[in-house]
Structure formats: C-alpha cells, structure tokens
Amino acid sequence: MPRPRITTARITTALRTTAAAGLLLAGLTPAAASAAAPTPPVPALTWTKPCTPGFQCDTAQVPLDYRAPHGRSIDLALIRRPADDPAHRIGTLFYNPGGPAIPGTAALPAATPLFPENVRRRFDIVSFDPRGVGASTTLQCFPDPAAEQALLGALPVGYPVGAEQQSRWAATYAQLGRQCAGNDRTGLLAHLSTADVARDLDLLRQAVGDRRLSYLGTSYGTYLGATYANLFPGRVRAMVLDSAADPVAWSTGRTPQDRALPPFLRTGSDLGSARALDDFLDRCGAAAPTDCAFSAGSPEATRAKYAGLMDRLARGPVTVGSGAQAVTYDEASAVSAVALLLYSAQPLPAFGSPGWAALGGRLQSLWTAADTPAAPLPTGAQPGQTQVLGVLCADTVNPPADADYPALADLARQRSGALGPYWVWQTQRCADWPAEAARDRYTGPWDRYTAAPVLVVANTGDPAWPYQGSRALADTLARGRLLTVDGPGHSVLGNPSGCAAGYEERYLVDGTLPPRGQVCAPDRPPFQ
C-alpha cells in the first residue's frame with residue numbers, strides 16, 4: 001500500500017476527528033461516543049516497593065473499565081530504571097517486550113543492557129506487567145495451578161496431530177474458556193484488549209509527568225504502540241516499533257477472505273518461520289560442525305539431513321538424554337522448539353545465549369537420539385495459558401469453532417512445511433474463547449496523524465512477524481518511517497545492530513529520523 005500523502009486537508013480532517021467529542025483524546029473509539037466518561041484518576045507513584053537491585057518498583061491502580069473510570073480498579077505492577085544522567089534527563093521511555101503476556105517487570109532488567117547508552121543516560125526506563133499478566137491483576141480461572149494443570153496437562157506439546165488429539169485440543173480450550181467465564185468475579189475478562197492496555201499506558205504517562213509518550217515496543221509490543229498511536233495521536237513524542245505485525249492483517253484481515261484464515265496465517269508468520277529455517281539450514285551447512293553441530297558439510301546436505309530428521313520424527317518419537325533428564329520429542333514438539341529457537345540468531349555472550357548455535361545443537365541431539373516408539377508422547381501445556389489467551393483472543397478475529405481447523409493446518413503445512421500447523425493451532429485456542437472478551441477490541445483506523453513520526457525497525461529475516469508486516473505498518477501509519485536491518489532473528493533489540501541502535505538513539509533523544517530506505521547490518525551474523 002502506498003504511503004498516504006500528508007496534505008493540509010488531511011491534517012485538518014485528522015484534527016477535526018480528534019477534537020470531535022474528545023473521543024481520541026479519551027482513548028475511546030467513535031463507536032463508544034455514548035459511553036464517553038469523566039477523566040480517570042491519575043495513579044500516584046512513589047517507587048518504594050522492594051525490587052531488583054538498581055531498579056525501583058511500584059503498583060499503580062487503573063480503572064477496570066474506562067467507560068466507568070471511577071468504578072472498580074485493578075493493579076498494575078511497574079518497574080523503573082532511573083536515568084544515569086538525571087541532570088540531563090529528557091523524561092520516561094516506556095518499554096513493552098511483547099508476547100503477549102511477557103511481564104515487563106521481569107523483562108526490563110534483562111533487556112536494559114541492550115538499550116543504547118545515551119538512551120539509558122537520558123531517560124528513566126519504565127516497564128509494567130499489562131493487565132491480566134504477571135504480578136498485575138489477572139484472570140482467576142482456577143483455584144490453584146494444580147487445577148489448571150489437571151485440565152491442560154494432557155494436551156500435546158506444540159500442536160495436535162491426528163483426529164483424536166485435535167478433538168481433545170479443541171474441547172480442552174473450549175472448556176478453558178467456560179472455566180474463565182464462569183470464575184471471572186472481577187469482570188476482567190471483558191477488559192483485556194490491547195486498547196485497554198493502551199489506555200493504561202496513557203495514564204502511566206500522566207503519572208510520570210510526561211506531556212507526550214516516549215515508547216519502545218518489541219514484537220507484540222508494536223501492536224500496543226500502534227494502538228496507542230491511533231487512540232492518542234496527539235500524545236506521541238517518539239515511538240520505536242521493533243519487529244511489527246501488520247495491524248490490519250492481525251486484527252481483522254485486509255480482505256473478507258482473510259477472515260477464513262487464522263491470524264498468524266494472515267500475517268504470514270508460518271511463511272516467515274519457514275524462510276528463517278531455510279536461512280538457518282543454509283548458514284549451518286556452510287559452517288564448520290564446531291560452529292553448527294547440525295552441519296552436514298554443505299547447505300544442500302544439511303537441508304536433506306533436516307528433511308530426514310522430520311520424516312523420522314513423523315514416524316515415531318525419540319528420546320534425548322537419560323534418566324531424570326530424558327525428554328521425548330515427536331514432530332510437533334520438536335517443531336515448536338525449532339520455531340522458538342529461530343528467534344535469537346546472534347550470540348549474546350552477556351546473556352549466555354549462543355544464538356543459532358543452540359538450534360544446531362538441539363537438532364543434532366535429535367538426530368543422534370535413539371528411536372523410542374514405546375515412550376509416551378510429550379504432554380503438558382505451557383503455564384500461563386489464560387494470561388496469553390486473555391489478550392490474544394481479545395484482539396483478533398478468528399475462524400469460529402466449527403471451522404475446519406485440520407484443513408487449515410494442512411494448508412499451512414503445504415505452504416510452510418511442518419512449522420505451518422504450529423501457527424494454526426496457536427490461535428485455534430481462541431475459537432471458543434468467551435465472546436465478551438472482544439468488547440473493547442480496537443480494529444482501526446490505523447492512520448491517525450500523530451504529533452510525531454513513528455520509527456518502525458525490522459529484520460529482513462524475522463521468523464515470527466515477517467518483514468513485510470513491519471513494512472505494511474510503516475506504510476499504513478500516517479507518519480511512519482521504516483529502518484531495515486538485513487539479517488535474521490526476531491526483534492532488532494534481541495539481535496543487535498549498532499547501526500540501527502545509533503539511529504534509534506538519535507530518534508529517541510532528539511527526534512531525528514534515519515534517511516528513507518536506510519538499511520543496516522547486524523553486529524554478528526550467525527556462526528561468525
């Protein structure tokens with residue numbers, strides 16, 4: 001889509017729209033005009049809670065329902081890293097690590113060394129656990145973790161294979177939705193959308209005393225940033241959106257036909273992960289076995305070795321390790337591990353991360369493992385399912401429960417290999433999620449004229465949110481600028497580029513955008 005041309009008439013229209021009933025300033029869509037409510041109270045922050053050394057923590061109270069801002073409130077857990085140079089402090093930079101449902105209170109201490117030095121000097125950096133996540137107020141679907149595990153513990157790892165597993169998967173997640181709806185004593189289920197989190201973010205902006213928002217979001221955090229930018233366009237000071245989804249494709253789809261596809265197929269996440277896997281196999285095959293353990297001596301031989309491994313896993317499970325350390329894998333569980341290990345392509349020694357070398361090691365361990373046809377298949381859903389689904393299912397249009405998800409999984413396999421079904425079954429979990437969860441969903445428009453331009457950064461080889469999604473977001477935003485890093489991995493923050501960090505630093509500090517069409521390189525290509 002071509003970039004919208006900014007004209008005086010367009011600006012006037014945007015300002016008129018913004019002023020009408022104060023809806024955008026209040027963070028309410030036009031559909032909520034009749035529900036426009038008084039201004040919610042701004043949280044008072046003291047930053048005195050016990051916390052990670054070098055950081056300060058607090059809890060903020062925000063409205064459960066922004067249509068009733070003086071009604072019931074919920075808690076948000078916050079963390080702050082004070083600016084290294086408080087005398088020259090610009091303000092607060094808010095950081096969201098994505099997920100959805102990654103707690104910011106845990107992510108910020110780990111991510112802080114990755115922020116550009118001058119950003120750490122000039123900004124307090126604040127993150128928080130979004131509503132429904134971590135130490136903030138969450139859905140209480142079960143009386144205790146054991147009850148949750150009793151429902152979810154028998155599910156296959158990765159995705160279901162075959163009619164029996166697929167039927168059990170769908171029925172279990174339908175039961176999970178009923179469980180959450182039946183036990184939701186606070187009404188939180190209807191107020192977990194990213195639009196609600198964006199309204200929380202605007203209250204937090206006010207609480208720290210900033211007139212406009214400075215923000216960095218990675219992965220799903222880009223969707224929060226895009227939502228904020230369109231609900232509160234006049235309040236954007238600087239916004240870096242790192243590794244973005246196309247917000248139209250993700251929320252509703254760009255065509256009526258898109259609604260028949262699950263969200264990750266609409267965004268092309270299955271295709272992105274398949275391309276990243278091909279890149280990994282080529283680079284691994286060109287590397288020495290000491291650098292990539294799965295190397296077969298050439299890209300072609302390594303691709304053939306991987307195909308052989310997948311064929312073997314499709315026929316039966318293998319077990320890695322022995323005794324208490326033994327782990328059994330089938331094709332679905334192995335593929336889910338591959339999908340996640342594609343995210344970190346670069347080694348980050350300070351974090352103990354070997355990058356794609358870890359993926360090479362995992363695949364080699366599967367290659368050398370003994371067949372164990374009598375071993376029980378791996379089971380057990382990841383903990384925190386309700387926190388993820390609370391947001392995921394609130395924000396996306398999904399095929400209904402009676403859609404042919406096995407056929408959609410077959411379609412994904414045809415176009416993306418064994419990785420494809422993984423992306424279909426992730427959002428099948430939303431097929432029977434309670435309908436009230438979508439009450440506050442924001443579905444656009446996504447081109448409100450913002451007070452400052454928005455910087456979108458992306459790796460060309462992103463395995464989760466393909467580069468095309470970041471390009472679509474930059475083109476859709478009224479004032480978007482795309483900065484490209486020609487390399488693999490999910491998020492530029494997690495796969496560092498000093499070149500990109502320099503542009504981000506200048507933009508966040510003084511508003512200077514990179515040149516149009518600027519392309520950077522990663523600091524360390526895989527296996528070098």
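A residue counts as buried when its relative accessible area is under 20%, as exposed when over 50%, and as partly exposed in between. Keep that scale in mind for this predicted model. E331, at 11% relative accessibility, therefore counts as buried.

**Salt bridges**

Let's stay with E331 for a moment. R413 pairs up with E331 in a salt bridge, and their closest N and O atoms are 3.2 Å apart. This pair links distant parts of the chain: R413 sits in helix α16 (residues 405-416) and E331 in helix α13 (residues 331-341), 82 residues apart. R413 has a relative accessible area of 32%, so R413 is partly exposed.

Why can such pairs form at all? Side chains of opposite charge can pair when their charged atoms come close.

The count for this structure comes to 18 salt bridges. Here are three of them, with the distance between N and O:

| Pair | N to O distance |
|---|---|
| R439 and D65 | 3.3 Å |
| R205 and D202 | 2.9 Å |
| R413 and E331 | 3.2 Å |

Look at R439 and D65, which form a salt bridge. R439 is in the loop between α17 (419-428) and β10 (454-461), while D65 is in the loop between β1 (56-63) and β2 (73-81), so this pair ties together parts 374 residues apart in sequence. With a relative accessible area of 44%, R439 is partly exposed, whereas D65, at 14% relative accessibility, counts as buried.

R205 and D202 tell another story. These two are three residues apart in helix α7, so about one helical turn separates them. Both R205 and D202 are buried. There is also a network of salt bridges, which links R80, R89 and D124.

**The nonpolar core**

Which residues touch the most other members of the largest nonpolar core? They are Y95, F115, M239, F280, L363 and W433, out of 138 residues in this core. Helix α8 gives the most to the core, with seven residues.

Leaving aside neighbours within four places in sequence, Y95 is in contact with residues including A107, L108, A111, F115 and L493.

**Empty spaces**

Rolling a probe the size of a water molecule over the atoms shows where empty space is left. How many cavities of 30 Å³ or more does the structure hold? There is one. The largest cavity has about 100 Å³ of space, and the residues lining this cavity include N96, P100, T194, Y220 and V391. Helices α7 (194-207) and α8 (220-231) each supply at least two lining residues, and α8 gives the most, with three. By class, the cavity lining divides into seven nonpolar, four polar and no charged residues.

Now for the second largest pocket, which holds about 330 Å³ of space. This pocket is lined by 19 residues, and the closest to its centre are F142, D144, P145, E148 and T386. Two or more lining residues come from each of α5 (145-152) and α15 (385-395), and α5 has the largest share, four residues. The pocket lining has eight nonpolar, nine polar and two charged residues.

**One more helix**

Finally, pick out A474 in helix α18 (residues 467-476). A474 has 0% relative accessibility, so A474 counts as buried.

Notes. Residues are numbered from 1 along each chain as its sequence is written. This is a predicted model: local features need pLDDT of at least 70, side-chain atom pairs count only at pLDDT 80 or more; totals for chains, interfaces and linings use all residues. Side-chain values use heavy atoms; hydrogens and water are left out. Buried means under 20% relative accessible area, exposed over 50%, partly exposed in between (1.4 Å probe, protein chains only). On a 1 Å grid over the protein atoms alone, a cavity is a set of points where a 1.4 Å probe fits but cannot get out, and a pocket is an open set with protein on both sides within 12 Å along at least five of seven lines; lining residues have an atom within 4 Å of a point. Grid points are joined across faces, edges and corners, and a volume is the space filled by probe spheres set on the points. Ala, Val, Leu, Ile, Met, Phe, Trp, Tyr, Cys and Pro count as nonpolar, Asp, Glu, Lys and Arg as charged, and the others, Gly among them, as polar. A nonpolar core is a set of buried Ala, Val, Leu, Ile, Met, Phe, Trp, Tyr and Cys residues joined through side-chain atoms within 4.5 Å. Contact means heavy atoms within 4.5 Å. A salt bridge is a side-chain nitrogen of Lys or Arg within 4 Å of a carboxyl oxygen of Asp or Glu.
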